[in-house]
Amino acid sequence: MNSSSFSKFLKIYGYDIVLGLIATFYVLAMPYTKVEESFNVQAMHDILYHRHHLDIYDHLEFPGVVPRTFIGALLVSVLASPIILVMSFLHLPKTHGLIAVRLALGCITLSTLRFFRAQQVRYKFGSQVEAFFVILTAFQFHLLFYCTRPLPNILALGIVNLAYGFWLKGDFYAALNCLIFSAVVFRCDMVLLLCPLGLVLLLTKSISLWKALKCCIGMVLLSVGLTVLVDSIMWKKLVWPEFEVLWFNSVLNRSSEWGTHSFHWYFTSALPRSLLAAYPLCFLGALLDRRVLPFVIPVFTFVLLYSKLPHKELRFIISSVPIFNLSAAVAASRIFMNRKKAFWKLLSIILIGFLLISLGCTAVTFMASYENYPSGYALKYLHQIGHLASNTEEQWVHIDPYSAMNGISRFCENDFPWRYSKEESIPLKEYQNRNFTYLINEHLLVEGYKCLFSMDGFSRVRPQLRFPPFLLIKEPKVYVHGNIKNEDLMNKNWPGC
């Protein structure tokens, strides 16, 4: 490849490479998953390794509170399957498979973000706005961290990015269809984005009501048919997953059992943490460029409507970040263009300060997140040092619910002699009557077992009056115990607790 071809390649794909490398770094540094991702990550594992043997799929033994769709897991698994095939041939650990499926999902998410950014933001607002869009996204932690995580919100985000792209392009019916599909299949709460957008398009006479109804009803029927067909087969019963989620969260209001926040939490905590420098800039962008306001208003309304639900998490509104970043990029571009003028020069200095603060916050958040998967690291370390002299006997590892929620998935399991149990509701005193070789749980003391080692996890951030200005406080989160009846195990040297 000559220099002109290489520079042309960088001009076309340079931004994608930057964002992709950052997302890949996050995956390699933090490959493990949390409880919110458990359904999709276990589904991907079972599709790739158990294939058509549905009876041994994880979701039939541990169905969760509400069913979820298999459509996203199937798509990601198909893309990752050639890599998994090569890994199986080379006898690589299944944790490499977890990295593969997360990278496959990241490719999907960032490809749809490219459709929004490269084909629409650049075309409508210019290459300089696109450049600042990439800079702001790269300096934020959450969007690129989440884009590879197998959450229903991220599967929906890929479709929402397409909707944003069609919206900017002026293909309004395609935008509505994308949001309908994402709401019916992946996240029913996308209705809260669909309704404000549809209302704005109707009020501005960008669409006709009759044509919108015909188009949308057709997409609803198609989407419902697809999810019911696929998920009824996978769940072995007639089911529309997102309807059950809607009923559970909105009608029964059961989601509040997982914690609640005040009405303003998204605006005073979630958005400032996810947008960082882009948060104040997005409001400025809407004031400076009237072309931005019609795009910001429906997304802002989406967050406002979502604030009515008491149970709140940052990932619920992650799909609002691209539009807010667009508005912020418009403001940053305007500041940059006018940087030689007196007032704008001050704003440009403030902008640089905001970007540096964003970079620092992202570094701190990364370090905290790195320490947030203690049970994944504990199981990995156990696999490294826990082999016993007798390799002909099975070594049973019991994983308690806390450990299963904080880093351990089916991808973390090894082959014989390792065997695993996630049996729930075992009383603490009952473990001594079980024949488990190892326990991974949140308890320091368990009768009949010796604590072999512990794994620290993130606890809190403590400010201090020296460099660095923040100190990450860690404390033991997960303990690995060994059965005292096993002589081989007791004769080994362990780090201790």
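Predicted model: local features only at pLDDT ≥ 70, side-chain atom pairs only at ≥ 80, totals over all residues.
1. Now the disulfide. Searching the whole structure turns up 1 of them. The partners are Cys451 and Cys497, and their sulfur atoms sit 1.8 Å apart. The link between Cys451 and Cys497 is left-handed, with -75° about the S-S bond.

2. What does this pair tie together? Cys451 belongs to strand 4 (residues 449-463), while Cys497 falls in the segment after helix 20 (487-490), so the bond joins parts that are 46 residues apart in sequence.

3. The two ends of that bond fall into separate accessibility classes. Cys451 has 15% relative accessibility and counts as buried, whereas Cys497 has 52% and counts as exposed.

4. Back to Cys195, which is in no disulfide. Its nearest cysteine sulfur belongs to Cys216 and is 10 Å away. The cut-off for calling a disulfide is sulfur atoms within 2.5 Å, so Cys195 has no partner on that criterion.

5. And Cys216? Its closest cysteine sulfur is in Cys215, at 5.3 Å, which is too far for a bond.

How values were computed: Residues numbered from 1 in each chain as written. Heavy atoms only, no water. Helix = DSSP H or I, 4+ residues; strand = E, 2+ residues; numbered from the N terminus. Buried < 20%, exposed > 50% of the residue type's maximum accessible area, 1.4 Å probe, protein only.
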